[in-house]
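Please describe the aromatic pairs and an open sheet in this model. Keep it brief.

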Amino acid sequence: METTEANERPKILGGCMKTRNVQALAADHNMLMADILERYIRPEMAVDDVLVENGSEEIPVIDMSRLMDEVSWEEEASKLKFACENWGFFQLVNHGVPEKVIEELKEDIMGFHDLPLEKREEVAQLPGDLEGYGQAFIASEEQKLDWADMLYLFTQPPHFRNYKHWPSQPPSFRDSLENYSNATQKVAHCILGFMATILGIKHETISEIHESQSVRINYYPPCANGHDKMIGLSPHSDGCGLTLLLQVNPVSGLQIRRNGKWLPIMPLPGALIVNIGDALEILTNGRYKSIEHRAVINAKEERISIAALHAPGFEKTVGPLAEIVGEGTPLFKSVTMLEYAKLFFSQKQLYGKKMVELLKLNP
Ligand code: OGA
Ligand code: NI
């Protein structure tokens, strides 16, 4: 097995073919020519685009302050159990991330995207690297592209941070992201701890192994003449264990796969959207399932989101937990997180529940 120096994050997680900056493309009317836009047009949108009827279903809402309260925690934990077993997605309110921390980060993310392209590109992805400002999972000149730009950064543990990819403008960006990262990691550990409780296993087995956090800041420009034929973020499930998503501005776009249709999700004010990723599906031997989701784009308004992705440390094992499998049969292979991450980032295209499929035993 490839080993990494202590205090160092593996550098072998691959890179991505360089593409146009979509924000710049969307802003330049001369560039919006049919042949350029063709790369972003998705024929499957026409056939795949069945929406759940508006208002017919809502994802569960979990109140973290009730989970933390010894009087109400059992009742709230049973809602959490239902949300994990039946939805894989829920809104988290009263999560304890201070409003100031959230507002400062939102301001700085918007400030970063207000900078001219040359300034934004100071943190551009370098060839063969995944971190920085660019895109992910592009391996050919022909494949269809998502209508979005991405800023991907390792945030936890702190010694994994590579500040050359962290914007230095706006000047408060790094502090804002660090504060947000610390606060969301605590929330993620807390939720994972409660999941362990309701699964009847030890906290440490699931919460404490999730040592790493990376963030994916998504910027979806509007597109008046193609929004209904393009995709902001292709259908996928998250490869990590647990994702906390913050919508930076109040424009809808997230949709989750529910009974074969797409259900639009609009975050409640102040809520974080939490979802189960492939690694947690594998660790729980399928008790909790990762759910496919996607982001669509808006005709007139930009949309910005930040996903905080929590995953096991690179030396940890991703595989069905013995405490959960018990006398039963493991449904997935076990690999180290390093092997898992390499496999994940070698995807040539983002689509579907990749890691769950790849690691399934007897598929
Ligand atoms: C993601 C993601 C959805 C959104 O970053 O993995 O699913 O609404 N984002 O931006
Ligand atoms: Ni996602």
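F112 is buried at 2% relative accessibility, where buried means under 20% relative accessible area, exposed over 50% and partly exposed in between (1.4 Å probe, protein chains only). The model is predicted: local features need pLDDT of at least 70, side-chain atom pairs count only at pLDDT 80 or more, and totals for chains, interfaces and linings use all residues. Side-chain values use heavy atoms, without hydrogens and water, and residues are numbered from 1 along each chain as its sequence is written.

The structure holds nine aromatic pairs. Rings of Phe, Tyr and Trp (its six-membered ring) pair if their centres lie within 6.5 Å; planes under 30 degrees apart count as stacked, over 60 as edge-to-face and the rest as tilted. Two pairs are listed here.

| Pair | Centre distance | Plane angle | Class |
|---|---|---|---|
| F112 and Y133 | 5.3 Å | 90° | edge-to-face |
| F160 and F314 | 5.8 Å | 35° | tilted |

F112 lies in helix α6 and Y133 in strand β3, 21 residues apart. Helices (H or I, at least four residues) and strands (E, at least two) are DSSP runs, numbered from the N terminus. Y133 is buried at 4%. F160 and F314 are 154 residues apart. F160 is buried at 10%, and F314 at 9%.

An open sheet has four antiparallel strands in the order β6-β11-β8-β9. Strands pair if DSSP finds at least two bridges between them. β6 and β9 each have a single partner strand, so one side of each is left without a neighbour in the sheet. Four bridges join β8 to β9. R258 has K261 in β9 as its bridge partner.

How values were computed
Chains are lettered from A and ligands numbered from 1 in the order in which they are written.
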